[in-house]
Amino acid sequence: MMTAEDAALLVRARAESVQLRGHGLHVKDVAEGPPGYFRPPDAIDLLEGRMPLQTLFTLLHEIGHFWSFTVERRGSQYGGDVVLWRGWTKEIGRRIMKRPDMQHYANGGDVPRETWDRSFREEALKLSCPLDRTRRGLILDEEARAWTLAYAIVEVVVPDLQQELVAEARRALEPYFVGLGLPSDANWVPNVVELRLSPEDRCYISELAMPGQYGVRPRGTA
Ligand SMILES: [Zn+2]
């Protein structure tokens, strides 16, 4: 089996050379920011210094966002809705940090997850989100779709890592359930059938997984 490190190198090199509707990806290592960030139309920022397995999964997830954007799986309102939603979550965060019980935390990242989530749900009752439940659901759908495409790629490149990818996806989705005011789903599983992959999508996935190029070769092959 390929190691996570080899798989990340392979997929990264392939993602930069394979074209999807005329776009190859530009993957850039960055020193700070979120673990991964897709910048339409074709750039991904990847946070340096993480474990190879995490880097691989984040890269695959961001490729999922790129794919969804490029083949127009997200609705046209998605980009604007995310901006509105992020603005609202920032304001909720500000309100949380002003609470008397938060005074001993220097910043939001220091607050234990459970405490943060409970406070978030409480503050969200006082300042309602500008997006209705349907539009919030579409933001979650996009996250789930990107993880499901990541799963479909892992299925081809490193099938041994499928279960670990699902565990990572569940961890990554949890803050979205809370932040979008939607019920958590600790047993979330990717449903590749639901993606209804087109021949073009399948071709892209198999091209991403093509081994033996760019100096990377799966173990056990000549
Ligand atoms: Zn995402």
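This is a predicted model: local features need pLDDT of at least 70, side-chain atom pairs count only at pLDDT 80 or more; totals for chains, interfaces and linings use all residues.
Just after helix α2, Glu-72 adopts a positive phi of about 60 degrees. Helix α2 spans residues 52-70 and packs against helix α5, residues 133-157.

- Glu-72 is not a glycine, although its phi is positive.
- Glu-72 is placed in the loop between α2 and α3.
- Because Glu-72 has 9 C-beta neighbours inside 10 Å, and 12 or fewer is the cut-off for exposure, this residue counts as exposed.

- On the α2 side, the contact is formed by Phe-57, Leu-60, His-61, Ile-63, Gly-64, His-65, Trp-67 and Ser-68. On the α5 side, the partners are Glu-142, Arg-145, Ala-146, Trp-147, Leu-149, Ala-150, Ile-153 and Val-154.
- By class, 10 residues of the contact between α2 and α5 are nonpolar, 4 are polar and 2 are charged.

- Helix α3 covers residues 78-97, and its axis comes within 10 Å of that of α5, with a crossing at roughly 105 degrees.
- An angle from 65 to 115 degrees counts as roughly perpendicular, and α3 and α5 are therefore roughly perpendicular to each other.
- Tyr-78, Asp-81, Val-82 and Trp-85 of α3 meet Arg-135, Leu-138, Ile-139 and Glu-142 of α5.
- The contact of α3 with α5 comprises 5 nonpolar and 3 charged residues, with no polar ones.
- The axis of α3 also comes within 10 Å of that of helix α4 (residues 113-126), and the two cross at roughly 110 degrees.
- The helices α3 and α4 are therefore roughly perpendicular to each other, and their crossing is right-handed.
- Ile-92, Arg-95 and Ile-96 of α3 meet Trp-116, Ser-119, Phe-120, Glu-123 and Ala-124 of α4.
- The contact of α3 with α4 divides into 5 nonpolar, 1 polar and 2 charged residues.

**The loop between β2 and β3**

- Pro-40 is located in the loop between β2 (36-39) and β3 (43-47), and Pro-41 lies in the loop between β2 and β3 as well.
- The peptide bond from Pro-40 to Pro-41 is cis, with omega near 5 degrees.
- Pro-40 is exposed, as 12 other C-beta atoms lie within 10 Å.
- Pro-40 and Trp-147 are 107 residues apart along the chain, and their C-alpha atoms are separated by 18 Å.

- Val-27 lies in strand β1, residues 26-30.
- Val-27 has 20 other C-beta atoms within 10 Å and is buried, the cut-off for burial being 20 or more.
- Not counting residues up to four places away in sequence, Val-27 touches Arg-12, Ala-15, Glu-16, Ile-44 and Leu-46.
- Val-27 and Arg-39 are 12 residues apart in sequence, with their C-alpha atoms 10 Å apart in space.
- Arg-21 lies in the loop between α1 (4-17) and β1.
- Arg-21 is a residue other than glycine with a positive phi, near 50 degrees.
- Arg-21 counts as exposed, with 12 C-beta neighbours inside 10 Å.

Technical notes:
Residues are numbered from 1 along each chain as its sequence is written. Axes are lines fitted to C-alpha atoms, for helices over the stretch in contact, and angles run from 0 to 180 degrees between N-to-C directions. Helices (H or I, at least four residues) and strands (E, at least two) are DSSP runs, numbered from the N terminus. Two residues are in contact if their C-beta atoms, placed from the backbone, lie within 7 Å. Ala, Val, Leu, Ile, Met, Phe, Trp, Tyr, Cys and Pro count as nonpolar, Asp, Glu, Lys and Arg as charged, and the others, Gly among them, as polar. Angles under 35 degrees count as roughly parallel, over 145 as roughly antiparallel, 65 to 115 as roughly perpendicular and the rest as oblique. A crossing is left-handed if the near helix is turned anticlockwise from the far one by less than a right angle, and right-handed if clockwise.
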